[in-house]
Structures are given as structure tokens and as C-alpha cells.
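Colleague: Please look closely at one part of this model and describe how it sits among its neighbours. A reader new to the structure would also welcome a connected account of what lies beyond it.

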Amino acid sequence: MTPRELILGGVRVRCLEDGRFTIPRGAMYVRPPTEAGTRNQGPPPASGPDRFVLAMNIFLVESPDARIVIDTGIGTKASPAASELGDLARGPGLEALLGGFGIGPGDIDIVVNTHLHFDHCGGDTASSPDGRLRPAFPNAVYVIQKGEWETALHPPARDEASYVAADFEPLAASGRLRLVEGEAVIAAGVEVVLTPGHTAHHQSVIVRSGGAAMLFAGDLIPTAAHAGFSFVMSYDLDPRLSLKTKRAIYGRSVQEGWIVALAHETDRPFGTIDRDGVGFAFRPLA
Ligand SMILES: [Zn+2]
């Protein structure tokens, strides 16, 4: 086992990386308004880099029942949105990453998008030989929150640049789209739950196997620095709601010792979130 792969009961989980980009300090550490029941723990670190490196993590969950991909990275299609990212270094794309494990596009049963920002669903679609866009995983059901889907089609002005229609619109006509509202079981031991804040209908994925559980929290907890209540990233549409959501989900995940998988952490994406003084901190798995 490496820090990028682990076994959870009867399930294998791999973290695949679809490249990296950087964000300025001012976007990394934003002090949210204090929400009742959450305690901020001090100012941003006084020293450190001016820009932070973020990975775009994709999680592959292989259970006895299904092969599931959680988020699909930025993909390989060019877009103006992607060109806005600082220092973007693309990965080889999800198809190539899966190919490294002997897994073809047709072998994926379920794709889940935590939300439809372009760095989380860019690999959902791919070009056909005739140039038309199609679902990148022909046999997969794509599980997306209905509210997120509707937001992506008609985004609020503030969030418009984060949605690229080519990443998701072709799914509609494919018949492979499963729009869910709130909690839903998507495979044996695998459920999605609403975790709003970053977007209004952001969802997370909980996988349970052999008495263990793992939370894929998307941009609710993008990096280790965002596990506590002190900071959110500047991209959260409703930072106060992000804190409320974290507090609610920690009530279960901390108590039961869930493993947490982080969407944008570079080297140690798997860990646990534990109590740390008055707040919470992410502790990476060794
Ligand atoms: Zn996002």
C-alpha cells in the first residue's frame, strides 16, 4: 500500500492525479464568518509560499459490485476556463490513468461528480472520431445532484466561469445521466449525501465496507488546511454554509473514525479528521 492507495474492507481505493495548478495565498486562506458551534482557530500562517500547489485528484473505487470513479479531473479538452488556472500542468487524462491499471473506459460502472466545476468533471466527456462529444465512459451511469445539474446549465454570474458546458451537457442526450436529489444509494455500500457550501448542491460520497467507512468530500475539504473551521477557499459560494456542513458531517465521521479523501491535496490525500484543541485537523495516513 502507498499513500495513494488503500484497502477499505473489501474495497480498493486509488487516488489518481489529473495534474496540478496553483492558487494565490489570498484564495487559499479565506477567513469565513463564524458560524454558531464552529470555532475559528487563529490567523493564516504568517510565513509560507505566495502560491499553493493543488492537485486534481480522482478516486477510483473498486468494490466486488462496481467500479466507481469519483470526479474526473480537468480532462484533456482545451477550454478558456482551464487557461485561467495558474501554472496548469495537465496530467495524462483519466482514460490513460485507468489504462495504467488495465481498466478500459467500458469497465467503469458509475461516475460520480461531487459538483460540475471544470476541474472536477472535465473527464466526463470525450471527443468521438467525428469530433462530437460523448460520455467518456460508455457503460457508466453518471450520478449528479439534480440541483447541481440545473445550476451548471444556468450558473449564477459569480460562478459562471467555473462551468464548461462541453464537460457535462453531452451526458443529457446519452441516457446515462442519473440525477439524484439529496441522499441516494448508488451501489452496495456506496451512498451520496448533500454537502452544500462550495456550491448549493455539492455532494459527497460515503463508501462503507467491512465495518470501515471513507468520505470523499470534494471541495468541502479541498486540502488538509481546510479541514478545520479556520479557513475556506475563496471559491466557496456560501462559506458559512460550508462550515455548517463540515460540522454536521464531522459529527459522524470523527466519532466513527472515517477515512477522508481530499480532492486537491498533493502528496497525502488520505487521512482522518480528528479533534484538535477546540477545532479539527486532518492527519494523513502514514
Ligand atoms: Zn469546485
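Modeller: Asn113 belongs to the loop that runs between strand S6 (110–112) and helix H4 (118–121); helices (H or I, at least four residues) and strands (E, at least two) are DSSP runs, numbered from the N terminus. The model is predicted, with pLDDT of at least 70 required for local features and 80 or more for side-chain atom pairs, while totals for chains, interfaces and linings use all residues. Residues are numbered from 1 along each chain as its sequence is written, and side-chain values use heavy atoms, without hydrogens and water.

Asn113 counts as buried because its relative accessibility is 1% (buried is under 20% relative accessible area, with a 1.4 Å probe and protein chains only). Leaving aside residues up to four places away in sequence, Asn113 touches Asp71, Thr72, His120, Cys121, Asp124, Val143, Ile144 and Gln203 (contact means heavy atoms within 4.5 Å). With one of these, His120, a polar side-chain atom of Asn113 lies 3.3 Å from the backbone oxygen.

Elsewhere in the chain, helix H7 (residues 239–253) has buried residues of its own, namely Ser242, Leu243, Thr245, Lys246, Ile249, Tyr250 and Ser253. Seen down the axis of H7, these fall within an arc of 165 degrees, so they line one face of the helix (the arc is that of the directions from the helix axis to the C-beta atoms). They pack against strands S12 (190–194), S14 (212–216), S16 (270–276) and S17 (279–284). Overall, the protein chain has seven helices and 17 strands, and buried residues make up 56% of its 286 residues.

Note on methods:
Buried < 20%, exposed > 50% of the residue type's maximum accessible area, 1.4 Å probe, protein only. Polar contact = N/O pair within 3.5 Å; in protein donor to acceptor, adjacent residues only side chain to side chain.
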